[in-house]
Every structure is written in C-alpha cells, then in structure tokens.
Amino acid sequence: AEHLVKSFDEELEKLNAWIGQMGGLAEAQLSGALDAIVQRDASIAERVIASDPQIDKIERDVAQHVIRMLALRQPMAVDLRAIVAALKISGVIERIGDYSANLAKRSLVLGQLPPMRSIGGLERLGRLVVGVLKDVLDAFVQNDVEKARQVWLRDAEVDDMYTSLFRELLTYMMEDPRNITPCTHLLFMAKNI
C-alpha cells in the first residue's frame, strides 16, 4: 500500500535495496569461496575474505536506518513487520558473509594439503546452497510467498546432502588416518555451508 508520506515508502525501498545488495554480495562471496576451494586458488580466497567488511558495513547501515525509522515513523502492522524483517534478514545475510569468509580461509589451508577426491561432494552441496540463497533472495525482492515456500521445502535436500557428505568424509578418515586433517577441514566447511 502506498503511504501518505512518500518519504516513508522511499525509506522502505531503501531497506529493500540494501537487503538486495547484501544478498547479491553474499551470494557472490559464497560462490567465490566455492571456486577458491575447487580451483585451489588463493587469490580468489583472498578476494572473498577482503569483501566481507562490505557486507558488515551494509548491515550496520540497515540497523541504523531501522532504528531511525522506528523512532521517527513509529510504524505499525505490516510496515513494522517489514522493517523488523529487514533487520533480521540483514543479520542472517551478514552471517552468510562470515561463513563464506571462513570457507575461503579454510580453502587457503586446504590448498597446502594434497588434493582430496571428496571436494566434489562439498562443491555440490555449496552449489545447491547458492541456488537456494539466490531463490530466497529473489522471493524476498519479488515478495513471492510461493517461491519462498518452495525454497523452504528444499531445506530437506540440503540437509540430506550434508548428512551424506558427512558420512563420506568420516569413511575417508577411517580408511586412512592421513585423511583426518583435510577431512576435518572439509567437515567444518560443509557445516559452514
């Protein structure tokens, strides 16, 4: 609904734009971290790590904007829910950025070890999650409840793939103790994803 005060609509649009921008950055960060892992490329990993503060800054901007809107506009009902949701969503996206930076940092360590054949499972899990992230951000921007519901239903697929990868990595560790260190890193990476 259009508000009587046009500037309030503009402030809501600004919040949504920041969420969209944060989401795009987080999606790129996660994809970049996966590329760094698969390609064993330290320069990609370093770029992912270096991009994390940009997401952090936008989250701070969102929080300040939300506080200002709450204080000055005293929103109610749908508007209040939208503003609070934007605040929560920005926090979740910021965490995705942190997890992506952690993946990149571990990829630097993993790159110093002999290559592991189980990277493929980690990449498949990561690409699935990137797709889920993209779809949920699209659902938010488009205000598409059905698309959001479909993303929510895909969570079981992510969980199943994670469980399968977890078991595979444990098997590799039991087969050869030399796999314990790299597989431990991969387990933490899978958990971050």
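Buried residues are those under 20% relative accessible area, exposed residues those over 50%, and partly exposed residues those in between, with a 1.4 Å probe and protein chains only. The model is predicted, so that local features need pLDDT of at least 70 and side-chain atom pairs count only at pLDDT 80 or more, whereas totals for chains, interfaces and linings use all residues. Residues are numbered from 1 along each chain as its sequence is written, and side-chain values use heavy atoms, with hydrogens and water left out.

View 1. Helices (H or I, at least four residues) and strands (E, at least two) are DSSP runs, numbered from the N terminus, and along the sequence they give the pattern α-α-α-α-α-α-α. The C-alpha trace spans about 70 × 35 × 20 Å along its principal axes, and buried residues account for 39% of the 193 residues.

**View 2. Helix H1 (residues 6-39) and arginine 40, which comes just after it.** Just after H1, arginine 40 takes a positive phi of about 55°.

**View 3. A nonpolar surface patch formed by Leu70, Leu80 and Val84.** Together, Leu70, Leu80 and Val84 have about 190 Å² of accessible area, by the Shrake-Rupley method with a 1.4 Å probe, where for residues only the protein chains shown count as cover. Valine 84 lies in helix H3 (residues 77-110) and counts as partly exposed because its relative accessibility is 33%.

**View 4. Leucine 165 in helix H6.** Leucine 165 counts as buried because its relative accessibility is 2%. Leaving aside neighbours within four places in sequence, leucine 165 is in contact (heavy atoms within 4.5 Å) with Ser118, Gly121, Leu122, Leu125 and Ala190.

**View 5. Aspartate 176 in the loop between helix H6 (155-175) and helix H7 (180-192).** Aspartate 176 is buried because its relative accessible area is 19%. The side chain of aspartate 176 makes a polar contact with that of arginine 178 at 2.7 Å; such a contact is a pair of N or O atoms within 3.5 Å, and within protein one must be able to donate a hydrogen and the other to accept it, while residues adjacent in sequence count only if both atoms are side-chain atoms.

Methods. The expected span of a helix is 1.5 Å times one less than its number of residues. Patches are made of residues with over 30% relative accessible area and no salt bridge: like charges are joined within 9 Å, nonpolar side chains (Val, Leu, Ile, Met, Phe, Trp, Tyr) within 5 Å. A salt bridge is a side-chain nitrogen of Lys or Arg within 4 Å of a carboxyl oxygen of Asp or Glu.
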